[in-house]
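User: I am new to this entry and would like to go through it in short steps. Please keep the answers plain.

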Amino acid sequence: MMVNRNVLTLDEFTLREMKAFPRATGELAGLLRDIGLAAKRINVEVNKAGLVDILGNTGDINVQGEEVKKMDQYANDQLMGVLQHGISCAGIASEELDEMVAFDNRVSMNSKYICMFDPLDGSSNIDVNVSIGTIFSVYRRLTPAGTLALTADFLQPGLRQVAAGYVIYGSSTILVYATKRGVNGFTLDPSIGEFCLSHPGMRCPETGTIYSINHGNFSQYAEGVQKYITGCQQKDETNGGPYTQRYIGSMVADVHRNLVKGGIFMYPATLQKPKGKLRLLYECNPMAFIVEVAGGMATDGHQRILEKVPASLHERSPLFIGSSGMMEELEKQGRLDFR
Ligand code: AHM
Ligand code: MG
């Protein structure tokens, strides 16, 4: 049988990238491999989510005598497990955990990276068979190797990310990750259980015709946001339109589509939630890093997301992200928040 050597797996790709840096230790490649492994395990369970009535509800004891966990808890445990037992991660923070966790085994304590993640973003969509995702963010730790990681290692501005990525569990399962060198996407080939390079060198189109926002909150948005949305609705052939509104309600899937096709995603401040809904460290920062490396922009309506200095692990931020042309037009509309 002929072997198709055009196919490059995630592991092969990260090892090739590593060879470009003579002093690279392979830790980052190892960390991405660990995350890829967790993603494959999460993917298997996400694909079975519709069988919940057959396999048992959360809290039930399944046929193996184990407690059936909530899917986001399961995803969290998978990511934490692979990273704790790998060789590349000194500690983690997660949407599912109140505090960061420093891994206290000798190998982990000697690792130079820490990782943050939202294990299953958009998890309310699981019950209705809509795409959901995992988001992750990697930093070099500030504390010395050989010691326990501390909260300060996690409170770094997004600009310092070494790598960031997401996985979408959708019509196919795709892992996209960025380093400063570029953004690349890998589609899971279920027949061989490998992520294969399918979207090399992803670039965010400079402009687009898709805007993504929860319209139900319109009356709650600041004046500039309302003006921008109204402007989107009034676009036609004479001024770059017509625009189309697409909102899945899973940020990973919304941002991925806009990254591929060109568009803007917004989760602004509302009167009731002046800091927005999304979390800075493991939702906004990684997506901002990926989109910026791909040539797009990301702000909170006031400043660049990646320059924000975090004060706490779970802090929230408004988010505007996407094609640079659309972001520049948004910024001309006036106040985008309630400061
Ligand atoms: P989650 O982390 O609790 O799943 O919430 C984040 C999700 C995003 O993926 C999505 O863009 C947003 O919440 C949707 O919120 P809303 O229903 O308010 O529009
Ligand atoms: Mg989330």
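User: Is Cys89 buried or exposed, and what is its relative accessible area?

Analyst: This is a predicted model, where local features need pLDDT of at least 70, side-chain atom pairs count only at pLDDT 80 or more, and totals for chains, interfaces and linings use all residues. Residues are numbered from 1 along each chain as its sequence is written, chains are lettered from A and ligands numbered from 1 in the order in which they are written, and side-chain values use heavy atoms, with hydrogens and water left out. Buried means under 20% relative accessible area, exposed over 50%, and partly exposed in between, with a 1.4 Å probe and protein chains only. Cys89 is buried, and its relative accessible area is 0%.

User: How many disulfides does a search of the whole structure find?

Analyst: The search covers the whole structure, and the number of disulfides it finds is zero.

User: Why is strand β7 largely enclosed by the rest of the structure?

Analyst: Strands (E, at least two residues) are DSSP runs, as are helices (H or I, at least four), numbered from the N terminus. Strand β7 covers residues 182–189. It is largely enclosed because the number of its eight residues that are buried is seven.

User: Which residue of β8 is the bridge partner of Thr187?

Analyst: Two strands pair if DSSP finds at least two bridges between them. β7 and β8 (residues 194–199) are antiparallel and share five bridges. They form a hairpin with four residues between them, and Gly193 in the turn has a positive phi of about 65°. The partner of Thr187 in β8 is Cys196.

User: Which residue of β7 is the bridge partner of Ala178?

Analyst: Strand β6 (residues 173–179) runs antiparallel to β7, with six bridges joining them. This hairpin has two residues between its strands. The partner of Ala178 in β7 is Val183.

User: Which element gives the most to the lining of the largest cavity?

Analyst: A cavity is a set of points, on a 1 Å grid over the protein atoms alone, where a 1.4 Å probe fits but cannot get out, and lining residues have an atom within 4 Å of a point. Val255 and Ile321 are among the lining residues of the largest cavity. Both α7 (251–261) and β13 (319–322) supply at least two residues of that lining. With three residues, the element that gives the most is α7.

Terms used: On a 1 Å grid over the protein atoms alone, a cavity is a set of points where a 1.4 Å probe fits but cannot get out, and a pocket is an open set with protein on both sides within 12 Å along at least five of seven lines; lining residues have an atom within 4 Å of a point. A disulfide is a pair of cysteine sulfur atoms within 2.5 Å.
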